[in-house]
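Here are my notes on the model you sent, written so that each point can be followed with the structure open beside the text.

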Amino acid sequence: MRGTFELAGEQAVDEVFGLILRRIDWMDEKGIRQWNVTGYAEAYPKTHYQEQARLGRLYVLRREGRIAGAAVLLERDGFWAEEAPACYVHSLVSSPEEKGAGGELLEGVEALARAQGKTRVRLDCAVDNQPLNRWYEARGYRPAGTCEDGPYRGILREKVLG
């Protein structure tokens, strides 16, 4: 099922934050260590997403009126030493019930980045989340370094857009 990738307003924040909390519960259920063991919801509370929406940085994937995925898109990211014309993806989340939503959301991010003249998309993923690292790798996101933020240890990943 194809959805619509769009800029989200503040009215979407409750649903986006609820999706993040559901994904954290899902990580606990699946034994995946990422947001659920780093205090993610406390580090990035609902007010964070309200601010990102106000700044025009919160994007969502909608399917049949529901938010199936979301991400915060930035122009710069302190994890990356080298600046590039890139779209930096944070807080990428998709609904566990919406098959393929994560990949479709990334396709929307990549299309937006191209339209804005960006040459790459950059993100990070927990170093010990092998399933997610394989998922990004299969979509062309290559390792480009590491990052740390408190208890979080990540792999910087980058996809050069063609």
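Predicted model: local features only at pLDDT ≥ 70, side-chain atom pairs only at ≥ 80, totals over all residues.

1. Residues are numbered from 1 along each chain as its sequence is written, and side-chain values use heavy atoms, with hydrogens and water left out.

2. An open sheet is formed by 7 strands in the order β1-β2-β3-β4-β5-β7-β6, with mixed pairing. Strands (E, at least two residues) and helices (H or I, at least four) are DSSP runs numbered from the N terminus, and two strands pair if DSSP finds at least two bridges between them. Because β1 (4-7) and β6 (142-149) stand at the edges with a single partner strand each, one side of each is left without a neighbour in the sheet.

3. β3 and β4 run antiparallel and are joined by 5 bridges, and Ala-70 stands opposite Val-93 in β4. α1 packs on the sheet, where it touches β2 (58-63), β3 and β4 (contact means heavy atoms within 4.5 Å), and its direction makes about 95° with that of β3. Such angles run from 0 to 180 degrees between N-to-C directions, the axes being lines fitted to C-alpha atoms, for helices over the stretch in contact.

4. β6 and β7 pair in the antiparallel sense over 7 bridges, with Thr-146 opposite Ile-155 in β7. Their hairpin has 2 residues between the strands, and Gly-150 takes a positive phi near 60° there.

5. After α5 comes Gly-140, whose phi is positive, near 90°.

6. What is the volume of the largest pocket? It is about 1000 Å³, a volume being the space filled by probe spheres set on grid points that are joined across faces, edges and corners. A pocket is an open set of points on a 1 Å grid over the protein atoms alone, where a 1.4 Å probe fits, with protein on both sides within 12 Å along at least five of seven lines, and lining residues have an atom within 4 Å of a point.

7. The largest pocket is lined by 43 residues, and Gln-34, Trp-35, Leu-92, Leu-132 and Tyr-136 lie nearest its centre. The largest share of the lining, 6 residues, comes from β4.
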